[in-house]
Amino acid sequence: ALLVLCLLLFRSPFVSLLPIAVLANGGLVAPAGIHTMAQAAKFHSVPVVVCAGLYKLAPLYPRHQDSFNELSSPSELLNFEEVDRILQSNGEACADVQNPCFDYVPPELVSLFVTHLGAHNPSYIYRLLAEYYYPEDHCISGASSLF
């Protein structure tokens, strides 16, 4: 699947993304797999354009790659019959399956943000937050439960 993605990126003029949230530093919270696609786009020098409304801006800063991530059930990726077959062939647990819901995409991988107000660089997102939201709105309690 990654090979097909790289071949498509080679012919594509740009990559368009729809994030779940846009963070204050210009990074994104996006569905799982988007970080890999953004890295492949950067490798092939294909610009990444993010389309998001201002309601998706979040006044949060990521602490690390998994800051805003949740893990789903591994049964979505690997059913119980397959796990039984692996255990019977090896006799011990040999697989650790993690199924992340979201990816954090750093602002270095994003070329341009397009909102209903126009196009902006990732470094300008903090300014949009300051212009369109009250400073009191920047303090969110229970922020880790938002995503």
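Biologist: Which residue of S8 does Ala30 stand opposite?

Modeller: This is a predicted model, in which local features need pLDDT of at least 70 and side-chain atom pairs count only at pLDDT 80 or more, while totals for chains, interfaces and linings use all residues. Residues are numbered from 1 along each chain as its sequence is written, and side-chain values use heavy atoms, with hydrogens and water left out. Strand S3 (residues 28–31) and S8 run antiparallel and are joined by four bridges; strands are DSSP runs (E, at least two residues; helices are H or I, at least four), numbered from the N terminus. The residue opposite Ala30 in S8 is Asp103.

Biologist: What is the strand order of the open sheet that holds S8, and which strands are its edges?

Modeller: Two strands pair if DSSP finds at least two bridges between them. This open sheet of four strands has mixed pairing and the order S5-S2-S3-S8. Pairing on one side only marks the edge strands, S5 (57–58) and S8 (102–105).

Biologist: Which residue in S9 is the bridge partner of Val49?

Modeller: S1 and S4 pair in the parallel sense over three bridges, and Ser16 has Val49 as its bridge partner in S4. S4 and S9 also run parallel, joined by three bridges. In S9, Val49 is partnered by Leu112.

Biologist: Which residue in S10 stands opposite Phe113?

Modeller: Here the pairing is antiparallel, with three bridges between S9 (residues 112–115) and S10. Opposite Phe113 stands His120.

Biologist: How many residues does the largest nonpolar core have?

Modeller: A nonpolar core is a set of buried Ala, Val, Leu, Ile, Met, Phe, Trp, Tyr and Cys residues joined through side-chain atoms within 4.5 Å; buried means under 20% relative accessible area, exposed over 50%, partly exposed in between (1.4 Å probe, protein chains only). Among the residues with the most contacts inside the largest core are Leu17, Val50 and Phe113. S1, S3, H2, S4 and helix H4 (125–132) each supply at least two of its residues.

Biologist: Is His44 buried or partly exposed?

Modeller: His44 is in the loop between H2 and S4. Its relative accessibility is 26%, so His44 counts as partly exposed.

Biologist: Where in the protein chain is confidence lowest?

Modeller: pLDDT is the predictor's confidence in each residue, from 0 to 100; its mean over the protein chain is 79, with 71% of residues at 70 or more. Where pLDDT is low, the predicted coordinates should not be read in detail. Strand S4 (residues 48–51) has the highest confidence, at a mean of 94, and the lowest, at 64, is in helix H1 (residues 2–11).
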